[in-house]
Amino acid sequence: MSRVLVTGGAGFIGSHLVDSLIEKNDVVVLDDLSGGLKSNIESHMSKDNFRFIKGSITSNDDLERALEDVDIVLHFAAQPDVRLSVQKPYWDFEINVVGSMKLLDESRKNDVAKILFASSGGTVYGETDEFPTPESTAFRPISNYGAAKGAVEMYLSSFSTLYGIKCASLRFANIIGSRSTHGVIYDFFMKLKRNPSRLEVLGDGRQEKSYMYVSDAVDATLCVSQNIDGGYLPINIGSGERLKVSRIAELVVESLNLEEARIEYTGSKRGWAGDVVITDIDISLLKSLGWQPKTSLENGVRKYVQWLVNTYGFDN
Ligand SMILES: NC(=O)c1ccc[n+]([C@@H]2O[C@H](COP(=O)([O-])OP(=O)(O)OC[C@H]3O[C@@H](n4cnc5c(N)ncnc54)[C@H](O)[C@@H]3O)[C@@H](O)[C@H]2O)c1
């Protein structure tokens, strides 16, 4: 039995990880609830092997409390919004880079054995023309969010060599599924909830990206955690499938039985500043660890839309 700290454990991916880890580990969650919800972890609150600390990765005091006797850190806390990182770069830096650096430094002082970091395969490579994109591709991020993820990855590399901590950067595809409160599917659902007859899509609809269903992302994370045997491992985490934004719009409209809704594109190549138009990460390394996806993307989109309907309601 290990003691695992999940930063951002009340958030979307983090809380699904907690659901899985709690079966065999002591789990500590450090989350400031700026984006996550206590209700995502409510079912664990009374368990002896669970501890929730409402606090920030930017506070050394909170980190010290959270890291007591911890063996493994799964670092999922972040300001996750690319658009906000473009509007407020220094604020984004203070959470995503300085906060992460404080966590790494406190982890070193507390003799943590292993750190897995939620990086982003959709943003660190930027606009590469190498598809599918392998882990060896140079970083050329086009958003501050992607730059921050890349910076933290560099420190994981140095920390693994200097202090002997086993480290992995999980370069996630776009993750979808229950409890997610951001991203393109969430935005489409909320727009259609406000106006079921029309869906405005930012961009020309031809943006095409790697996606993955959340339960597969959790399985892949645990698979990597079991397989790092030393040093530093950067690894792409995706399903191997990609979806066009126009197809996602159709799937959301179909899942809501709104076949009559007009889908209108704003027309630009990029949806917003910092949006990478095509992402297609190579998952050969992940597959070589014996991992396989279990949920097809189109099914994943439908399951997620059903969860949105059950959670927020939908009248048409
Ligand atoms: N969802 C995706 O598609 C995706 C893709 C690539 C990478 N990631 C990364 O995975 C991680 C989890 O993302 P998510 O989609 O679950 O987002 P999320 O917003 O649901 O989860 C992030 C959590 O971090 C918490 N948090 C934010 N700032 C904090 C701080 N200073 N101290 C403590 N907690 C803080 C939030 O309250 C939230 O619970 C993030 O690092 C994100 O950048 C997500």
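Among the 30 residues around the ligand, those that come nearest are Gly8, Gly11, Gly35, Gly36 and Ala78 (a residue is near a molecule if its C-beta atom, placed from the backbone, lies within 6 Å of it). The structure is a predicted model, in which local features need pLDDT of at least 70, side-chain atom pairs count only at pLDDT 80 or more, and totals for chains, interfaces and linings use all residues. Residues are numbered from 1 along each chain as its sequence is written. Two or more residues of the shell around the ligand are given by each of α1, β2 (26–31), α4, β5 and β7 (174–176); helices (H or I, at least four residues) and strands (E, at least two) are DSSP runs, numbered from the N terminus. The most is given by α1, with three residues. By class, the shell around the ligand comprises 14 nonpolar, 14 polar and two charged residues, where Ala, Val, Leu, Ile, Met, Phe, Trp, Tyr, Cys and Pro count as nonpolar, Asp, Glu, Lys and Arg as charged, and the others, Gly among them, as polar.

An open sheet is formed by seven strands in the order β3-β2-β1-β4-β5-β6-β10, with parallel pairing; two strands pair if DSSP finds at least two bridges between them. At the edges lie β3 (50–54) and β10, each of which pairs on one side only. On average, neighbouring strands of this sheet are turned by 15° against each other, direction ignored (axes are lines fitted to C-alpha atoms, for helices over the stretch in contact, and angles run from 0 to 180 degrees between N-to-C directions). Strand β6 (residues 166–172) runs parallel to β10 and is joined to it by six bridges; Ala168 has Leu233 as its bridge partner in β10.

Residues are in contact if their C-beta atoms, placed from the backbone, lie within 7 Å.

The chain is divided into domain 1 (3–173 + 214–237) and domain 2 (176–209 + 241–312), with bounds from an automatic or database domain assignment. The domain centres, taken over C-alpha atoms, are separated by 24 Å. Domain 1 contributes 36 residues to the contact and domain 2 contributes 23 residues. On the side of domain 1 that touches domain 2, at least two residues each come from α1 (12–21), α3 (82–87), α7 (214–227) and β10 (232–237). The largest share of this side, eight residues, is supplied by α7.

Notes:
Two residues are in contact if their C-beta atoms, placed from the backbone, lie within 7 Å.
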